[in-house]
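Let's take a walk through this protein model, one feature at a time. Keep the 3D view open while you read.

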Amino acid sequence: MARVTRKRTVEASIGDVWKLVSDPYNLPRWWPRTARVENVDAKPGGKRTRWTKVLQTAEGRGVRADFRCVSSAERERYAWEQELEGTPFERHLSALRVEVGLRERDGGTQVSLTEEQTLKGMSKLGSPLMRRARGEILDEALAGIERALT
């Protein structure tokens, strides 16, 4: 299992950061390569909320990926998993989970993004490269949160 974590303190209140990261419709504002979000089935408190994220490829095509919130604690944590069964992603991944952690810090909010990814088959050979690439995406996401809120 590849686990990557990145942290950054942003000059925004924890409440504003929470509103941004806990609403799937906001993902295009801060998550890299997200063109749009569709089919949000929101649940009270966020847990068990489901959505489809349409990712933009380098060639300009859209790739659909389904997600569900697996853990939500207001102003503290929001975590989601990709639903892989029956998708093209299933050939390469056994699991993909992202967790956003929030903590008040120095008049702003410390945001930590952690991604855990379990690769399948021959894809496991690329684990060190995937870890570096995923770290870059998490860095972009943190920059996106900062841009969206400041």
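Predicted model: local features only at pLDDT ≥ 70, side-chain atom pairs only at ≥ 80, totals over all residues.

## Aromatic rings

Residues are numbered from 1 along each chain as its sequence is written, and side-chain values use heavy atoms, with hydrogens and water left out.

Now to the rings: Trp18, Trp30, Trp31, Trp51, Phe67, Tyr78 and Trp80 make up one aromatic cluster. The structure has seven aromatic pairs. Trp30 and Trp31 form an edge-to-face pair, because their ring centres are 5.5 Å apart and their planes sit at 85°. Tyr78 and Trp80 have ring centres 6.2 Å apart and planes at 55°, so their pair is tilted. Trp30 and Trp31 are both buried (under 20% relative accessible area; exposed is over 50%, partly exposed in between, with a 1.4 Å probe and protein chains only). Tyr78 and Trp80 are both buried too.

## The sheet

Helices (H or I, at least four residues) and strands (E, at least two) are DSSP runs, numbered from the N terminus. Two strands pair if DSSP finds at least two bridges between them. Here, seven strands build an open sheet with antiparallel pairing, in the order 1-7-6-5-4-3-2. At its edges are strand 1 (2-10) and strand 2 (34-41), each pairing on one side only.

Five bridges link strand 2 with strand 3 (residues 50-56) in the antiparallel sense. Look for Val37, which stands opposite Lys53 in strand 3.

## Helix 1

How many of the eight residues of helix 1 are buried? Six of the eight (the helix covers residues 14-21), so helix 1 is largely enclosed by the rest of the structure. The buried ones are Ile14, Gly15, Val17, Trp18, Leu20 and Val21.

## Ala148

Where is Ala148? You'll find Ala148 in helix 3 (residues 127-149). Ala148 is partly exposed, with a relative accessible area of 23%.

Ala148 touches Leu20 and Arg29, not counting residues up to four places away in sequence (contact means heavy atoms within 4.5 Å). Ala148 and Asp23 are 125 residues apart in sequence and 13 Å apart in space, C-alpha to C-alpha.

Methods
Phe/Tyr/Trp six-rings, centres within 6.5 Å; stacked < 30°, edge-to-face > 60°.
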